Every structure is written in C-alpha cells, then in structure tokens.
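Please read these notes beside the model.

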Amino acid sequence: MKSSTVMVICLVLQAALAIGTLADNHTPFEESKAIDINPGKLGCCSSCNFSFSGLYTCDDLVKKCDPVCNKCAVVKTYPLKQFRCVDTFLGICDPPCGKKN
C-alpha cells in the first residue's frame, strides 16, 4: 500500500472519530462546571492553598466546619470524625487557627 493511501485512511478514521465525538450530547465544555465560590470568610485557616486567580481553599481538618462553609466533607472517620471545608473562597487566607491578633 502506498504511503498516500495509508495517510488518507488515517485521516478518514480521525474524521470519523471526531464526528462521533461531536455527535455525542456531551462535549468537554458542557461537562466542566464553573468553580463554586463562597464569598464568605473562614474564621481561621492554618493550611491555606492560595491560587494565582485570587481563590483559596483551606485544607484544615476540623471537628466541625465553620458556619460560612457551604460544603463540609467528612475526610476521616476513625478514631474521631474530622471534616474539611471544600469550598473555594475569594480573597486572602485568614489568620492561622489558634493565633489571635
């Protein structure tokens, strides 16, 4: 088989895959969701992850989530139940927990 014939077959197969992907009801853009942003401010955060976009998350493990936290996830159940607020917050990280200003 000539290399030009192989190239044409490859292009036809790639086109068929692309058409099949686009014909599906879900495109990658529809499946990705915008980040949920909590405009509130945690009382404190010792393990802060700040991103260049100005958003931050707090990775502290706590006995009870802060009242401003919208999504409180259980991350540890034994020996004691511990939670983490999985919200993304606007602004800057609060002072570390346990330290008073």
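1. Which residues does UniProt list for "domain: Bowman-Birk serine protease inhibitors family"? The unreviewed entry gives residues 58-72. UniProt positions follow the numbering used here, feature names are shortened, and annotations may be inferred rather than shown by experiment. The end C-alpha atoms of residues 58-72 lie 11 Å apart. This span is 0% helix and 13% strand.

2. Ground rules. This is a predicted model: local features need pLDDT of at least 70, side-chain atom pairs count only at pLDDT 80 or more, and totals for chains, interfaces and linings use all residues. Residues are numbered from 1 along each chain as its sequence is written, and side-chain values use heavy atoms, with hydrogens and water left out.

3. Overall layout. The protein chain has two helices and six strands. These are DSSP runs numbered from the N terminus: helices are H or I with at least four residues, strands are E with at least two. The order from the N terminus is α-α-β-β-β-β-β-β. Of the 101 residues, 15% count as buried (buried is under 20% relative accessible area, exposed over 50%, partly exposed in between; 1.4 Å probe, protein chains only).

4. Core. The largest nonpolar core has nine residues: Leu42, Cys45, Tyr56, Cys58, Cys65, Cys69, Phe83, Cys85 and Phe89. Strand 3 (55-58) and strand 5 (82-85) each supply at least two residues of this core. Such a core is a set of buried Ala, Val, Leu, Ile, Met, Phe, Trp, Tyr and Cys residues joined through side-chain atoms within 4.5 Å.

5. Cys58. Contact means heavy atoms within 4.5 Å. Leaving aside neighbours within four places in sequence, Cys58 touches Leu42, Cys44, Cys45, Ser47, Arg84 and Cys85. Across the protein chain, residues 24 or more positions apart make up 47% of the contacts with a separation of 6 or more.

6. Two prolines. Pro67 sits in the loop between strand 3 and strand 4. Pro67 is exposed, because its relative accessible area is 79%. Pro67 and Gly43 are 24 residues apart along the chain, and their C-alpha atoms are separated by 9.0 Å. Pro79 is in the loop between strand 4 (72-76) and strand 5. Tyr78 and Pro79 are joined by a cis peptide bond, with omega about 0 degrees.

7. Ile37. Is Ile37 partly exposed or buried? Ile37 counts as partly exposed, because its relative accessibility is 40%. Ile37 lies in strand 1 (residues 37-38).
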